[in-house]
Amino acid sequence: LHVRAEVNTENNKVVLTFIAERDFKAAIGILHEAQDKLKFVPPWIQALDSTPSTNPECNLVEVIPGSEEYRKVATLFADGSFAKTIKQIHRVQNEPLWRQYAVKKQFLAERHDVNERYMFHGSRNTDPKIIADNGFDFRFSSPGFFGRGSYFAENISYSDSYAHINSEGERQVFIGRVAAGRIEERASSHDKSIVKPNDGFDSIRGLVTSIHHAIIVYDLVQAYPEYLVTYV
């Protein structure tokens, strides 16, 4: 029996290719071995920046302009006709927070699908450093259209209206990783009493304006604030 296992850490998939006879026990053994290799490690873990921080567990590290990573984030930011000028991009390197998010991703991967995506979040009056240190904590927020949860916009133009304004008068928005899992579509069926998706779902997607959709998660560790973009 010849079996090849391919592990994709970006979308958390394990692909088995069988050649010759199929052997169930051998396949299970190889699958377990492949799963052991499926580590949810942040892209920056191999080259942690040594930038000093008052919180040793969290660093805000500036992404080098012109780098491949910078271009990737800038492309995400330049959503449609959204024409703003990026001043800085910072990567949030918070290992404990990432590990918690990784456990949630592992759970979703084993349940059905992680369905991870980059989405936008404006913190308005909350200092972004608080979110970088503690994650997206919705417990002290008022319920939104779909209850009390963390809301992530599909378009930067919506999150811009919730942007944090820093001491220099610049705007700041997070680009976060969201493990949406299986999404419950609610359209415009607003209900502020929602505390979690219906059984079988991991998040809710609905209209927050007549043209903007958001995905809402109700688990504190179901999203990670990967980048903070400062712009004017």
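## Helix α2

A residue is called exposed when its relative accessible area is over 50%, buried when under 20%, and partly exposed in between (1.4 Å probe, protein chains only). This is a predicted model, where local features need pLDDT of at least 70, side-chain atom pairs count only at pLDDT 80 or more, and totals for chains, interfaces and linings use all residues. Residues are numbered from 1 along each chain as its sequence is written, and side-chain values use heavy atoms, leaving out hydrogens and water.

Helices (H or I, at least four residues) and strands (E, at least two) are DSSP runs, numbered from the N terminus. Within α2 (residues 68-77), the buried residues include Tyr 70, Val 73 and Phe 77. They share one side of α2 because they cover an arc of only 70 degrees around the axis, taken from the directions from the helix axis to the C-beta atoms. Glu 68 and Thr 75, on the other side of α2, are exposed.

## His 212

You will find His 212 in the loop between β10 (203-207) and β11 (213-217). His 212 is buried, at a relative accessible area of 13%. Its side chain makes a polar contact (N or O atoms within 3.5 Å, one able to donate a hydrogen and the other to accept it; residues adjacent in sequence count only if both atoms are side-chain atoms) with the side chain of Ser 157, at 3.2 Å.

## Aromatic rings

Rings of Phe, Tyr and Trp (its six-membered ring) pair if their centres lie within 6.5 Å; planes under 30 degrees apart are stacked, over 60 edge-to-face, and the rest tilted. The count comes to 9 aromatic pairs. Trp 98 and Tyr 224 are edge-to-face, because their centres are 5.0 Å apart and their planes at 85 degrees.
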